[in-house]
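Student: Please take a close look at one part of this model and connect it to the rest of the chain. I would like to know which residues make it up and how each term is defined.

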Amino acid sequence: NEEIKNRINLSIDYIHENYNNNISLTELANISGLSRAHYVFTFKKITGLSPHQYLIKIKIEKAKDLIKFSNISLTDIAYNLGYPALSAFTRAFKKITGISPSDFKDKR
């Protein structure tokens with residue numbers, strides 16, 4: 001259904017604009033005008049990822065760009081992306097990329 005896809009795309013746009021904030025599942029479902037359960041099911045059907053997995057993926061993509069193209073410290077990147085501590089950021093980064101942010105930085 002094209003209408004449902006457009007609603008999901010609104011929430012995807014919101015994720016891209018607000019990835020560094022605390023985004024709740026309820027917030028995303030409300031943006032799309034769907035129940036939480038329907039939202040999660042439909043989001044995963046369209047993107048192949050849960051909303052949470054998608055948000056983490058976007059954060060790590062932004063982190064990779066910041067590591068490659070800026071001299072911002074890894075701690076500042078972690079905080080800018082909404083992680084409470086460098087250790088949480090490092091775990092998420094390594095889970096997605098297979099290497100730590102510092103190793104990624106050394107390879108740039």
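**The second largest pocket and helix 4**

Tutor: Helix 4 supplies four residues to the lining of the second largest pocket, the largest share of that lining. The model is predicted, so local features are reported only at pLDDT of at least 70 and side-chain atom pairs only at pLDDT 80 or more, while totals for chains, interfaces and linings use all residues. Residues are numbered from 1 along each chain as its sequence is written, and side-chain values use heavy atoms, with hydrogens and water left out.

First, the terms. Helices (DSSP runs of H or I, at least four residues) and strands (runs of E, at least two) are numbered from the N terminus. Rolling a probe the size of a water molecule over the atoms shows where empty space is left. A pocket is an open set of points on a 1 Å grid over the protein atoms alone, where a 1.4 Å probe fits and protein lies on both sides within 12 Å along at least five of seven lines; a lining residue has an atom within 4 Å of a point. Grid points are joined across faces, edges and corners, and the volume is the space filled by probe spheres set on the points.

The second largest pocket holds about 180 Å³ of space. Its lining consists of Leu49, His52, Gln53, Ile56, Lys57, Ala92, Lys95 and Ile96. Two elements give two or more residues each to this lining, helix 4 and helix 6 (86-97). By class, the lining has four nonpolar, two polar and two charged residues. In this scheme Ala, Val, Leu, Ile, Met, Phe, Trp, Tyr, Cys and Pro are nonpolar, Asp, Glu, Lys and Arg are charged, and the others, Gly among them, are polar.

Helix 2 (25-32) and helix 4 (51-69) each provide at least two residues of the lining, and helix 4 has the largest share, with five. The lining comprises nine nonpolar, six polar and one charged residues.

Next comes the nonpolar core, a set of buried Ala, Val, Leu, Ile, Met, Phe, Trp, Tyr and Cys residues joined through side-chain atoms within 4.5 Å. Buried means under 20% relative accessible area, exposed over 50%, and partly exposed in between (1.4 Å probe, protein chains only). The largest core has 28 residues, of which Tyr83 and Phe89 touch the most other members. Helix 1 (2-18), helix 2, helix 3 (36-47), helix 4, helix 5 and helix 6 each give it two or more residues. Helix 4 gives the most, seven residues. Contact means heavy atoms within 4.5 Å. Not counting residues up to four places away in sequence, Tyr83 touches Ile56, Lys59, Ile60, Ala78, Ala88, Phe89 and Ala92.

Serine 50 lies in the loop between helix 3 and helix 4; its relative accessible area is 18%, so it counts as buried. Leaving aside neighbours within four places in sequence, serine 50 is in contact with Phe43 and Lys44. Serine 70 sits in the loop between helix 4 and helix 5 (74-80) and is buried because its relative accessible area is 16%. A polar atom of the serine 70 side chain is 2.5 Å from the backbone oxygen of leucine 66, and a polar atom of that side chain is 3.3 Å from the backbone nitrogen of isoleucine 72. With neighbours within four places in sequence left out, serine 70 is in contact with Asp65 and Arg108.

For the setting, the protein chain has seven helices and zero strands. Of its 108 residues, 35% count as buried. The C-alpha atoms fill a box of roughly 45 × 20 × 20 Å along the principal axes.

Notes: A polar contact is a pair of N or O atoms within 3.5 Å; within protein, one must be able to donate a hydrogen and the other to accept it, and residues adjacent in sequence count only if both atoms are side-chain atoms.
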